[in-house]
Amino acid sequence: MIESLKNKDLSEMNLNTINLGPTHPATHGIFQNVLTMDGEKILHAESTVGYIHRAFEKLAEHRPFNQITPITDRLNYCSSPINNFGWEMTMEKLLGVQLPKRVEYMRVIIMELARIADHVICNSILAVDTGALTGFTHIFQQREKIYEIYEEICGARLTTNIGRIGGFERDFNDKTWKKIKDFVQEFPKAFKEYEALVNRNRIFMDRTIGTGAVSAEEALNYGFTGPNLRAAGLDYDVRVMNPYSSYQDFDFTIPVGKQGDSYDRYMVRSAEMWNSISIIKQALEKMPDGPYHADVPEFYLPPKQDVYTKMEALIYHFKIVMGETKVPIGEVYHSVEGANGELGFYLVSDGGRTPYRLHFRRPCFITYQAYAKLIEGSVLSDAIITMSSLNIIAGELDA
Amino acid sequence: MELNNAEYTKVVDALKSRFPNSINDIGVPYETLTLSVDSAEIKNIIAFLASEELGFSFLTDVCGMHYESTDELGVVYHIHNLYTNTRIRLKTRLPKSKPEIDSVTSIFKSANWQERETYDFFGIIFKGHPDLRRILNMDEMDYFPLRKEYPLEDGTRTDKNDSMFGR
Amino acid sequence: MAVNTNNKVNIVAPPEGHSDAGFFATSLDKAVGLARKNSIWPLPFATSCCGIEFMATMASNYDMARFGAERLSFSPRQADLLMVMGTISKKMGPVVKQVYLQMAEPRWVIAVGACASSGGIFDTYSVLQGIDKVVPVDVYVPGCPPRPEQIIDGLMRIQDLIGNESLRRRNSPEYKALLNSYGIK
């Protein structure tokens, strides 16, 4: 509740209570906010989440390790390859697998494509919430190109279940490389058009500058990570601080904002998309030759020729498919830079065929608890803009 | 035990000198410093870590655990020092009959909902939490689902044919 | 009548009826069905991943607006078709029912995705195993998530249902029994 009103007798004021959600038009997912309002001004907000709680953590305790990748897809479903690779890297850390460089570069390309896909959604829907529908229809076409690249590699558009523990199931074919190269040529042109429509647009700037501002200390205390924290001024990026998958080989900057308001978050995401294109270009140039997978006998299926001719390969194949391979006992925490922030996987293994405990450190869940505080004192339309700019994905919020 | 990392040695020495009886076990699995600590002292330990002297200013994660072999509950904290890039894991154990531990919401606001989630899943009571109630499950739920004794599926389901699922 | 010389264009046949110079006579059912099915106002109840595929279906590549579903209504009072896309948990079940109750007859429900049809891969304590536990469903679109072409196919099946529906269906005893079985008066 706003400080100035804490001790006043509120029954004299004409206060409204309105219910924002769980089904509400800005298609961000389902969470409810009960707002106490004085006219247009929000005095107090209370968030309720859990409307799409699917019990991932309990579900993971009952599934063999390589069957957990489809669950991780559905965390932040706008950029599912990042979640998939994060989980596979956690398993590789547990097993102590060293990956070939080629695999790591291929993973970097796909993760950056996923980051672009997610930021396109967030930025275009933020513009839609301010009323600008044209940019959304133009830039969404580029997402279809990204979906086509995913389809060439793993067969699915959205919930990809991409890659295997140890690498990929097959090398990228020529069509995939061509599509990636074409995308890197075409996306900058389309994105420049989109930016020309929205970035310096008078109405967009008036609506987003100053809304939902958060200082760097408060953001850090609330556990913000990712573009939300970088817009507030702190340059914490897991790719730079704890590099994984050969990110240290690439040359990119960390864009940082000043005030932490919606416009800064939008601009940080835009700048990250340009960075992603540059990283993909660098990876394409420097792509090393080599095997497309590491040797992980516990989880990576042996080649079919060996399965049909050799005994050990047959036994391994059987054990992997039935989910009977054992892993070392231990606990490991691995985090990747998801599109919304630090996505962490805390895995405790007791040597059995399923995890003993798997906990997902979900950035959206931790960011959303600050929302009720951020909108206190603002008007209702600004509350919608703040929610859009924080990029809250319901699947990751509730897990 | 031999800690090869200068940062880890500094942190462990500082903690040992300040809380000589509360550190039960020290390990470095997969290069992350892991300390098992007394649950009664956890708030003071985290406040000390978060202070200017040691600089662990970012709470990465709070999650619960159910240790089936000893039938105890526990809470695991991951804290991160952004200046020196050091990560620490703190583990505590709580008896199942009285799973109470201090809340660290006054030090890190990000612990608020994470502790509510831990309460929702395991039934661990966080003393001093401003608003401890269920967050992800329905309010009417009367058990704590992530404890090992409860099944994954819905117990009230009537349309699942057990004979077809090998049960 | 204009003669169609372009043999690549498929013109949809009119419904059965009797036509002569200046008039076309058909039954009221068919005329109303034709109007209703080509001007559906859907309510996108998008909860999770299927919602993103729905956004892709609404975008310019797959364009659901071609089928008449141009105006998305987020208010159930003004909607014809409730499109439930995504996982519905037990906490959300009463909300779906409340939205369904607020819709005026005639109303249709399409369950998009495996989670809305039957719970999907989430056979857990917190997920409702299909929205047909709370509301009557007309069309199920399987998939996880279904491709935009599948969602459009589901919409076309709804259009078939709407086009062939009798005007008396909503007052018939069978329909009332169906609603009663869900506890809807």
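## Domains of chain A

Domain bounds are those given by an automatic or database domain assignment, and for chain A that assignment gives domain 1 (3-48) and domain 2 (56-398). The structure is a predicted model, in which local features need pLDDT of at least 70, side-chain atom pairs count only at pLDDT 80 or more, and totals for chains, interfaces and linings use all residues. Residues are numbered from 1 along each chain as its sequence is written, while chains are lettered from A and ligands numbered from 1 in the order in which they are written.

The C-alpha centres of domain 1 of chain A and domain 2 of chain A are 33 Å apart. Their contact takes 12 residues from domain 1 of chain A and 18 residues from domain 2 of chain A, where two residues are in contact if their C-beta atoms, placed from the backbone, lie within 7 Å. The side of domain 1 of chain A that touches domain 2 of chain A has 5 nonpolar, 4 polar and 3 charged residues; here Ala, Val, Leu, Ile, Met, Phe, Trp, Tyr, Cys and Pro count as nonpolar, Asp, Glu, Lys and Arg as charged, and the others, Gly among them, as polar.

## Two packed helices in chain A

Helices (H or I, at least four residues) and strands (E, at least two) are DSSP runs, numbered from the N terminus. In chain A, helix α6 (residues 174-198) packs against helix α11 (residues 262-285) at an angle of about 160°, and their axes are 11 Å apart; such axes are lines fitted to C-alpha atoms, for helices over the stretch in contact, and angles run from 0 to 180 degrees between N-to-C directions. The helices α6(A) and α11(A) are therefore roughly antiparallel to each other, since angles under 35 degrees count as roughly parallel, over 145 as roughly antiparallel, 65 to 115 as roughly perpendicular and the rest as oblique.

The crossing in which α6(A) passes α11(A) is left-handed, a term used if the near helix is turned anticlockwise from the far one by less than a right angle, with right-handed used if clockwise. On the α6(A) side the contact is made by A:I180, A:K181, A:V184, A:F187, A:P188, A:F191 and A:E195, and on the α11(A) side by A:S270, A:M273, A:I277, A:I280, A:K281 and A:L284. By class, the residues of the contact of α6(A) with α11(A) divide into 9 nonpolar, 1 polar and 3 charged.

Between chain B and chain A, 26 residues of chain B are in contact with 27 residues of chain A. On the side of chain B that touches chain A, the elements that give two or more residues are β3 (58-67) and α3 (111-122) of chain B, and the largest share, 6 residues, comes from β3(B). This side of chain B has 14 nonpolar, 9 polar and 3 charged residues.

The contact of chain C with chain A takes 30 residues from chain C and 27 residues from chain A. At least two residues of the side of chain C that touches chain A are supplied by each of β3 (42-46), α2 (49-58) and α3 (93-102) of chain C, with the largest share, 6 residues, coming from α2(C). By class, this side of chain C has 18 nonpolar, 9 polar and 3 charged residues.

## The make-up of chain C

Chain C has 6 helices and 6 strands, and along the sequence they follow the pattern β-β-α-β-α-β-α-β-α-β-α-α. The C-alpha trace of chain C spans about 65 × 40 × 25 Å along its principal axes.

Of the 185 residues in chain C, 40% are buried, where a residue is buried if 20 or more other C-beta atoms lie within 10 Å of its own, exposed if 12 or fewer, and partly exposed in between, with C-beta atoms placed from the backbone. Among the contacts in chain C with a separation of 6 or more, 77% are between residues 24 or more positions apart.

## Backbone exceptions

Most residues other than glycine have a negative phi, and most peptide bonds are trans. In chain C, however, the peptide bond from C:E105 to C:P106 is cis, with omega near -10°, and C:P106 lies in the loop between α3 and β5 (108-112) of chain C. Another cis peptide bond joins C:C144 and C:P145, with omega about -10°, and C:P145 is placed in the loop between β6 (139-141) and α5 (148-163) of chain C.

Although A:S245 is not a glycine, it has a positive phi of about 50°, and A:S245 sits in the loop between α10 (238-241) and α11 of chain A. A:S245 counts as buried because it has 22 C-beta neighbours inside 10 Å. Phi of B:Y30, a residue other than glycine, is also positive, near 50°, and B:Y30 is found in the loop between β1 (23-27) and β2 (33-37) of chain B. With 14 C-beta neighbours inside 10 Å, B:Y30 counts as partly exposed.
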